[in-house]
Amino acid sequence: MSLKPADGVTRVLVVDDQPLLRQSLAMILGHEPDIEVAGQAADGAEAVLRARAARPDVVLMDVRMPGVDGLEATRRICADPALTGTRVLVLSMFELDEYVYEALQAGASGFLLKDARPEDLVEAVRRTGRGESLFAPSILTRLVAHYVAAPRPERVRALRHLTPREVEVLALIGNGLANDEIATALAISVKTVKTHITHLLAKLAARDRAQLVIAAFNAGLVRPRA
């Protein structure tokens with residue numbers, strides 16, 4: 001799980017093939033005192049090159065781009081041993097299921113829609129930079145529906161190795177809660193929440209928090225909302 005930079009500033013690489021949108025996103029993020037735009041890229045191939053050069057904390061990645069698309073770029077970045085501290089937040093105009101699942105399989109830490117409010121975008125980048133996962137509410141609903149309809153027995157068996165408190169934390173992660181929200185819900189400290197998450201990552205052999213979200217779905221700990 002990646003840690004927030006020591007200086008408190010989250011460095012972001014903005015990737016989108018539309019210059020106006022890309023520059024607008026960079027402007028929104030660059031106005032925040034705790035966020036630094038580390039660069040911009042117009043396609044997936046350039047994104048991989050710039051990520052390797054700049055080593056950003058977060059890559060804000062468009063999906064549909066000419067040449068190397070955002071999904072393939074995400075796959076390359078997340079598989080690069082030199083970029084283990086870099087997280088990918090996928091940004092798309094679409095909430096098509098295949099994009100969500102492919103992005104997660106590629107190693108993305110979150111999925112946000114382009115109709116999100118500027119303040120939601122900023123918070124998504126901050127959370128991703130802290131090593132948390134972030135999914136738009138509609139995306140989270142689709143994920144829950146998909147994984148409840150197709151449970152994974154192997155993940156259910158894996159829960160036998162978890163403590164009751166770890167199961168509670170996993171369920172709250174699956175419901176999209178941030179660390180401070182989990183701490184409030186369980187009346188424990190944020191530090192204790194982080195310790196539980198470290199144990200969950202190890203016990204479930206999960207790469208990052210996004211995979212813990214999927215594990216919660218697989219285990220049936222998250223239910224569709226009425």
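Which residues have the most contacts inside the largest nonpolar core? Select Val-15, Met-61, Ile-77, Leu-170, Ile-173, Leu-200 and Leu-212, which hold that position in a core of 51 residues. Such a core is a set of buried Ala, Val, Leu, Ile, Met, Phe, Trp, Tyr and Cys residues joined through side-chain atoms within 4.5 Å. Buried means under 20% relative accessible area, exposed over 50%, and partly exposed in between (1.4 Å probe, protein chains only). Helix α11 (residues 209–218) supplies the largest share of this core, seven residues. At least three residues come from each of domain 1 (10–134) and domain 2 (140–219), with bounds taken from an automatic or database domain assignment.

This is a predicted model, in which local features need pLDDT of at least 70 and side-chain atom pairs count only at pLDDT 80 or more, while totals for chains, interfaces and linings use all residues. Residues are numbered from 1 along each chain as its sequence is written, and side-chain values use heavy atoms, with hydrogens and water left out.

Next, centre on Ile-77. Beyond its neighbours within four places in sequence, Ile-77 is in contact (heavy atoms within 4.5 Å) with Ala-47, Val-48, Ala-51, Val-59, Met-61, Leu-83, Thr-86 and Val-88.

Select strand β3 (residues 58–62), where five of five residues are buried. Helices (H or I, at least four residues) and strands (E, at least two) are DSSP runs, numbered from the N terminus. On one side of β3 are Val-58, Leu-60 and Asp-62, on the other Val-59 and Met-61. Strand β1 (residues 10–15) runs parallel to β3 and is joined to it by four bridges; strands pair if DSSP finds at least two bridges between them. Five bridges join β3 to the parallel strand β4 (residues 87–92), and Asp-62 stands opposite Leu-91 there.

Move to α11, where nine of its 10 residues are buried, among them Arg-209, Leu-212 and Phe-217.

Finally, select Asn-179 in helix α9 (residues 179–186). Is Asn-179 buried or exposed? Asn-179 counts as buried because its relative accessibility is 6%. Its side chain joins that of Arg-209 through a polar contact of 2.6 Å. A polar contact is a pair of N or O atoms within 3.5 Å; within protein, one must be able to donate a hydrogen and the other to accept it, and residues adjacent in sequence count only if both atoms are side-chain atoms.
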